[in-house]
Amino acid sequence: MSERPSAAVGLIVPPANPTLEVEIHALTGQSPYVYTSRLPWFPGEDLAARNLLYLDSYLDTARRFGNLQLAGILVGCTGSNYRLGPEEDRRRCAAASRELGIPFQTCSLAVLELLQRLGFQRIQLELPYPDWLIAEAEAYWLAAGFDVTVSRSILATLGSSDAYGIQQAEIVDYLTSIAPPPQTVVLLSGTGMLTIAAMGQVVQSFPAPLISSNLCAADWLLRCDPASSHRGTDQYRQLLARLEGFARCSDAAGVDNLFNPF
């Protein structure tokens, strides 16, 4: 029988999300070990109502981990938190952390932390949301101090009604069709959308920093495990290294060197 991993973390997942656990495993591997707890199902409620109900369910869902020895818990949602703004998002997470006695984080704050750690200031929002939620997302990132150059829904372009129906090949085609402004991070926010394999296909030739909520979620979870040295899988390290390369470039010449290192 194999030994229990040195650290474990908790991941809270929306009830019908088919993507998050798969992509987190692809990025983190076996350390830390990821346990999951799913948010309640609210049949008959539309997205706006579900987002509100999810917010009120975070703490109870976290308590369902019982006395598991966890190094931290992450809520795998972004859209629900955008209506809060970053300060209220932080306040709620800090309160939950105190009650639970371990770090508690939302995916929206995990994205914010990684963007700030790398020093990015301009973002282009490419989101699988309806227009009203796009507006909430833009307000969140503006309040967090970012210059939002573009904020748009990719649902109509891809002919999908929600994030869960978007296929990997569609994300690849979409990414290759856009032209981000210089020094601008393209953010794919939405934990139910397949992003990681698609990003891996285009990252070496993509002309701008490329980030997704699931990449940021994995980064936060890895940092909960001191024994992991934040390594993650080859896929995680490839995507993060590309981001770090862009973060080190202060001008167009530096960006050119990413593509022509010799």
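**A walk from the pocket to a helix pair**

Sort the lining of the largest pocket by class and you get 14 nonpolar, 10 polar and two charged residues (Ala, Val, Leu, Ile, Met, Phe, Trp, Tyr, Cys and Pro count as nonpolar, Asp, Glu, Lys and Arg as charged, and the others, Gly among them, as polar). This is a predicted model, where local features need pLDDT of at least 70 and side-chain atom pairs pLDDT 80 or more, while totals for chains, interfaces and linings use all residues. Residues are numbered from 1 along each chain, and side-chain values use heavy atoms, with hydrogens and water left out.

Of the 26 lining residues, Leu47, Arg50, Asn51, Tyr54 and Tyr164 lie nearest the pocket's centre. The elements giving two or more residues to that lining are α2 (47–55) and α4 (79–82), and α2 supplies the largest share, four residues. Helices here are DSSP runs (H or I, at least four residues), numbered from the N terminus.

Now hop over to Gly232, in the loop between α11 (213–223) and α12 (234–248). Gly232 is buried, at 18% relative accessible area (buried means under 20%, with a 1.4 Å probe and protein chains only). Leaving aside neighbours within four places in sequence, Gly232 is in contact with Leu27, Thr28, Leu222 and Arg237 (contact means heavy atoms within 4.5 Å).

How do the helices on either side of that loop pack? α11 and α12 meet at an angle of about 105 degrees, their axes 11 Å apart (axes are lines fitted to C-alpha atoms over the stretch in contact, with angles from 0 to 180 degrees between N-to-C directions). That makes α11 roughly perpendicular to α12, a label covering 65 to 115 degrees. Leu215, Asp219 and Leu222 in α11 meet Tyr236, Leu239, Leu240 and Leu243 in α12.

Terms used: 1 Å grid on protein atoms, 1.4 Å probe; cavity = no way out; pocket = protein on both sides within 12 Å on 5 of 7 lines; lining within 4 Å. Buried < 20%, exposed > 50% of the residue type's maximum accessible area, 1.4 Å probe, protein only. Parallel < 35°, antiparallel > 145°, perpendicular 65-115°, else oblique.
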